[in-house]
Amino acid sequence: MTAHARPGPGPRRRTVLTGTFAAGAAVLLPFVAPDRARAASGPVIADCATWGARPPSSPVNLLPTPPQKIIVHHTADPNVTDYSQAHAFELARSMQAYQLDVEKWTDTGQHFTISRGAYVMEGRHGSLAALTAGTRQVESAHCTGQNTVAIGIENEGTYSTVDPRGVQYAALVDLCELVCRQYGLPAYQIYGHRDFNSTLCPGDRLYALLPQLRQDVAARIGGDPTPPLWPVLSSGADGEGVRTLQLLLNARGAALTADGDYGPSTEAAVYAFQDAEHATSDGVAGLQTWNQLAAPARQGDSGTAVEALQLQLTAHGIPTDTDGDFGPGTRTNVTRFQTTRSLPADGVVDARTWSRLVA
């Protein structure tokens, strides 16, 4: 059964962290009509009241920080030929009912849903208001390990062997553009669910469209759409990349000696981390493991992840004090590294900067 709206064929495609939800989701929309919102050049989005949502079972958690990325999903439902608004709204209601009544979640898991008829709907309550404000996000339940840092977009249908309809894909481009503009996200921060968790979602065909999706969004907002490219490290590997892996694992609760040697203890820590994040459990540090580990680092941060950054900068010929504090000197050196790699020189170590450091 799928893990969203209602029982149906196919494998269960996700297990998610729902988190603890608190009051405070009421947000005023500065440019919202009574039942829907439209940004200056964005899609019309039907809010929860418009499609007839039930109240959340407990207050949703409005986070104080904006998202760092977008994650694309498919619902794994049949590819219906009813493209009407009525069907789209019924889809939204059934998804919420399944997640409230069967999964026992607080509310719909994703932030937004796009029907096969290209109707765009708010998912979790408060998501549209947060998007409109552009500074905060609602904690979600669509991707383990990413529910406090990523906007989740569901696309109705199953896209393992067929592509989404053209109008549905166009609506996805429009919505991703809007999210990127509102939150200041680059197009390369658009991912698929399988980039983080062990799942077939969003289907082979939709996943194969993600490079085009990044390009189409980048054509509208500017910037290089090239996503992070990660090394694959496994037992027997050594070097600075392994040391970075060890330190990033330590930042997530491991207790490794950061010696740059991918031995049994490092492999065991990778297995444990993959299991905790519902990534493919193989003991190999590849795409999903790095994507889950590589949280942004910026001035003011401290800890073992910053230490890993400083060691990498030094290894790349930019001597940096290894004190675990991301101060002005480290920021200057990050900017210098980014300039040498033709990256946005903003001094923030996001996933693409991390990937260039460890590659």
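## Helices α4 and α6

Helix α4 passes helix α6 in a right-handed crossing, a crossing being called right-handed if the near helix is turned clockwise from the far one by less than a right angle, and left-handed if anticlockwise. This is a predicted model, in which local features need pLDDT of at least 70 and side-chain atom pairs count only at pLDDT 80 or more, whereas totals for chains, interfaces and linings use all residues. Residues are numbered from 1 along each chain as its sequence is written, and side-chain values use heavy atoms, with hydrogens and water left out. Helices (H or I, at least four residues) and strands (E, at least two) are DSSP runs numbered from the N terminus.

Helix α4 spans residues 166-183 and helix α6 residues 210-221, and the two pack at an angle of about 55° with their axes 9 Å apart. Because of this angle, α4 is oblique to α6; angles under 35 degrees count as roughly parallel, over 145 as roughly antiparallel, 65 to 115 as roughly perpendicular and the rest as oblique. The axes are lines fitted to C-alpha atoms, for helices over the stretch in contact, and the angles run from 0 to 180 degrees between N-to-C directions. On the α4 side the contact (heavy atoms within 4.5 Å) involves Y169, L172, V173, D174, C176, E177, C180 and R181, which meet Q212, L213, D216, V217, R220 and I221 in α6. By class, this contact of α4 with α6 has eight nonpolar, one polar and five charged residues, where Ala, Val, Leu, Ile, Met, Phe, Trp, Tyr, Cys and Pro count as nonpolar, Asp, Glu, Lys and Arg as charged, and the others, Gly among them, as polar.

## Helix α10 and its partners

Helix α10 (residues 304-315) and helix α11 (residues 328-340) have axes that come within 11 Å and cross at roughly 50°, which means that α10 is oblique to α11. Their crossing is left-handed, and the contact is made by L309, Q310 and L313 of α10 together with T330, N333, V334 and F337 of α11. Four of these contact residues are nonpolar, three are polar and none is charged.

With helix α12 (residues 351-358), the axis of α10 comes within 10 Å and crosses at roughly 50°, so α10 is oblique to α12. The crossing of α10 with α12 is left-handed, and A305, A308, L309, Q312 and L313 in α10 meet W354, L357 and V358 in α12. This contact of α10 with α12 has seven nonpolar, one polar and no charged residues.

## The largest pocket

The largest pocket has a volume of about 450 Å³ and is lined by 24 residues, of which G184, L185, P186, R298 and D350 lie nearest its centre. The lining divides into 11 nonpolar, eight polar and five charged residues. On a 1 Å grid over the protein atoms alone, a pocket is an open set of points where a 1.4 Å probe fits, with protein on both sides within 12 Å along at least five of seven lines, and lining residues have an atom within 4 Å of a point. Grid points are joined across faces, edges and corners, and a volume is the space filled by probe spheres set on the points.

## Backbone features in loops

A cis peptide bond, with omega about 10°, joins C201 and P202, and P202 lies in the loop between β9 (190-192) and α5 (204-208). In the loop between β4 (69-74) and α2 (85-101) lies A76, a residue other than glycine whose phi is positive, near 65°.
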